[in-house]
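I opened the notebook to record what I looked up in this structure. The entries follow in the order in which I made them.

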Number of protein chains: 2
Amino acid sequence: MKFLILGHGQLARMMALEGQAHGWDVLAVDVKHRCVVDPIRKVKVEGSLEYHVQASDVITAEFEHIPEDLVHQADETGKLFPRASSFLAAGNRLQERQMLERSEVPFAAYHVVEDRLSYDLAIETLGLPLVLKTVSDGYDGKGQFRLMSQEQVESVWASCSEAMLTSGALLAEQWIPFKRELSIIGVRSRSGEWKTYDLGENTHHKGILHLTEIKRVEPSTEQQAKAIFKAIAEELDYIGVLAIECFEQEDGSLLVNEIAPRVHNSGHWTQQGTLCNQFDHHLRAVAGLPLGDTETIHPTTMVNIIGVDQLPDAVEALPGTRVHWYGKTCLPGRKMGHINVSASSRDILCKTLSQLSSLLPSEDFFGCHQAHPSCLEL
Amino acid sequence: MKFLILGHGQLARMMALEGQAHGWDVLAVDVKHRCVVDPIRKVKVEGSLEYHVQASDVITAEFEHIPEDLVHQADETGKLFPRASSFLAAGNRLQERQMLERSEVPFAAYHVVEDRLSYDLAIETLGLPLVLKTVSDGYDGKGQFRLMSQEQVESVWASCSEAMLTSGALLAEQWIPFKRELSIIGVRSRSGEWKTYDLGENTHHKGILHLTEIKRVEPSTEQQAKAIFKAIAEELDYIGVLAIECFEQEDGSLLVNEIAPRVHNSGHWTQQGTLCNQFDHHLRAVAGLPLGDTETIHPTTMVNIIGVDQLPDAVEALPGTRVHWYGKTCLPGRKMGHINVSASSRDILCKTLSQLSSLLPSEDFFGCHQAHPSCLEL
């Protein structure tokens, strides 16, 4: 089977590696240069984009900010999974909110900000604090502005109006005081079968995901998460792996923050933590195969490697530790790889994370150092 | 880090897939055509063999029958691991026996057969039954002749003398009545650290491995296996993954049958059954990295896919089941891929294997159908 992935970054690469084990040929589209590459070895392959769109059996994507003409070109072949509507809903925060409304899942109250009048109205309607986000183009905390108090109204307006020049409208949302951010990652097959993985608790630093831990959650939280996944996946008639970021509030209720119609950084732990990881599962689902297992086979924590391209050799020697590098050029703040740490028990996992954090500088591995003190709560 | 693997079959391919996760570039040598290929996508890469031998950081191999000039060319760079002596010992049954003698490990009595005189002497010295094997070029049961009774002496001599025309001398060995064949697979690092995986029990059919199961073994058998691994690996000053096939006799004692200085088909179960599989471990060891884990994390059985290139979709839906295809052209008797079945308990594994065998034709999947009735012994 031939797969074509829109986007050629690490997510395409990890899907291609899984696809190879199935004997599938997985190629990727460099969306900027409109050419087709081998996402594993990052070399251009022969044949035009049009040729590969025709030659592939299944087309999918590794990100949601794909130029619309390309989404439509792929969709017209009938081979794009998930469907164009899923990408369009996730690539635009306003359409995403409208989809969440139709799904009848809980999310924060919002107001569209297009000018000073609607900015003032948002403050009046929603109250402070607020968070303002560009409707399109936002990721890893970019294009977001916090308005915490009345004193900031003018300075934040200045930033917002500047952002609006390039990104169009903003969405103002109620600031939600939350206990933690949880990722719901699940998969839905072409036949409508769906499964979710265990919830991941995410630690961010400077807007970038640093750590995902699979912590114990209340059964009621798990039920809410499954209901949210089912509602959104069915509303979108979604096919493939879908990630949903939620805020867990003090009372245990979940509010949806955003969705990603693809495999997600907070699901990388499934490579070592489950028998059928998110990359494998996405390809299976879009190819029309039955779903595999989503059960956690052993406690696993994922530590992102950000802005560094070397680790001490001793990291590899830690029991249950597996480093994944993406083969990218090192830049400050860039996701260069991740470390999955698995263990037969939470106690042993905690001990290994403690050893790991002692090998890694705290300035680069904020999440890992955060994990250690809180590890006993796992 | 750049790796060059001598040989470009499925073992090189699976090593390359593991290497990618480490961010390593793994290329392979098509030994017959003396060119360098990407073992994942099977495409030729630019640059001469000489160029890649120079450009690589580490050279290793996926098989032992490498032309000697190539082994020496690689060894002269100082980058070949394991060392040339390990390949030369394993690629020739006589040198292998001499190495086993030096290692002081138990193996069957043997006699070199070069002519009719030595053939008759072997029969006289060792008694019947006997097995005769070509000194070089044998694999998957090829180049082997059984001499069970006096009546066969002339007909087997006819086959042997014909084989000697192309393959040179033969080795006559005592026929060992054995309970089962066990694989010892282990890894030794450049610093001399070594670890073994759990013993695999192999089921062959028509000379080809069909099934590897990780069954319970007596602690004394495990101790023998570890002692054998240590003795051979240290005698060879071996670096990397080493596979040792043994016969377990009725009294529980092990006799070494043969060694393979590489990852081995009977170790494919480690992909799903351990946190650091044999492919990953081989690359780590030859690269000079510390060793990872060899513990079995859940019971896993490997079923070879031989001579067929399609499976029912329902196979993928079985819990804990992972299919690995090698992307090869289908030929009768050819190893096309394998299926790893993992479960949280031996009972569940047994149930899944039973479901799996009901989906697969018994003529092609002899081993899997064999596994089911004996599964409760696991």
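Which residues in helix 5 of chain B meet which residues in helix 8 of chain B? I found B:Met99, B:Leu100, B:Arg102 and B:Ser103 on helix 5 of chain B, and B:Ala231, B:Ile232 and B:Glu235 on helix 8 of chain B. Contact here means heavy atoms within 4.5 Å.

**Conventions**

I note that this is a predicted model, in which local features need pLDDT of at least 70, side-chain atom pairs count only at pLDDT 80 or more, and totals for chains, interfaces and linings use all residues. Residues are numbered from 1 along each chain as its sequence is written, chains are lettered from A and ligands numbered from 1 in the order in which they are written, and side-chain values use heavy atoms, with hydrogens and water left out.

**Helix pairs**

I went back to the pair in chain B. Helix 5 (residues 93-103) and helix 8 (residues 219-235) of chain B pack at an angle of about 110°, with their axes 9 Å apart. Helix 5 of chain B is thus roughly perpendicular to helix 8 of chain B (under 35 degrees counts as roughly parallel, over 145 as roughly antiparallel, 65 to 115 as roughly perpendicular, the rest as oblique). Axes are lines fitted to C-alpha atoms, for helices over the stretch in contact, and angles run from 0 to 180 degrees between N-to-C directions. Helices (H or I, at least four residues) and strands (E, at least two) are DSSP runs, numbered from the N terminus.

In chain A I looked up helix 6 (residues 116-126) and helix 7 (residues 153-167), which pack at about 130° with axes 12 Å apart. Helix 6 of chain A and helix 7 of chain A are therefore oblique to each other. Helix 6 of chain A also passes helix 7 of chain A in a right-handed crossing. I listed A:Arg116, A:Tyr119 and A:Ile123 from helix 6 of chain A, in contact with A:Val153, A:Glu154, A:Val156 and A:Trp157 from helix 7 of chain A.

**Cores**

I then turned to the nonpolar cores (sets of buried Ala, Val, Leu, Ile, Met, Phe, Trp, Tyr and Cys residues joined through side-chain atoms within 4.5 Å). The largest has 72 residues, and A:Phe3, A:Val26, B:Phe3 and B:Val26 have the most contacts inside it. A second, separate core of 25 residues includes B:Met99, B:Ala225, B:Leu242 and B:Cys246. Beyond four places in sequence, the contacts of B:Phe3 include B:Trp24, B:Val26, B:Leu27, B:Val58 and B:Leu283.

**Relation of the chains**

Of the contact residues of chain A, 100% recur in chain B, so I noted that the same surface serves both copies.

**Strand 12**

Is A:Thr203 buried or exposed? A:Thr203, in strand 12 (residues 200-205) of chain A, counts as buried at 15% relative accessibility (buried is under 20% relative accessible area, exposed over 50%, partly exposed in between, with a 1.4 Å probe and protein chains only). A:Thr203 and A:Phe366 are 163 residues apart along the chain, with C-alpha atoms separated by 8.9 Å. A:Phe366 is also one of the contacts of A:Thr203.

In strand 12 of chain B I looked up B:Glu201, buried at 12% relative accessibility. B:Glu201 lies 47 residues from B:Glu248 in sequence and 9.8 Å from B:Glu248 in space, C-alpha to C-alpha. Residues touched by B:Glu201 include B:Arg180, B:Glu213 and B:Lys215.

**Backbone**

I noted a cis peptide bond from B:Phe81 to B:Pro82, with omega near -10°. B:Pro82 lies in the loop between helix 3 (68-76) and helix 4 (84-90) of chain B.

A:Glu104 has phi near 60°, a positive value in a residue other than glycine. A:Glu104 is exposed, with a relative accessible area of 71%.

Note on methods
Left-handed = near helix turned anticlockwise from the far one by under 90°.
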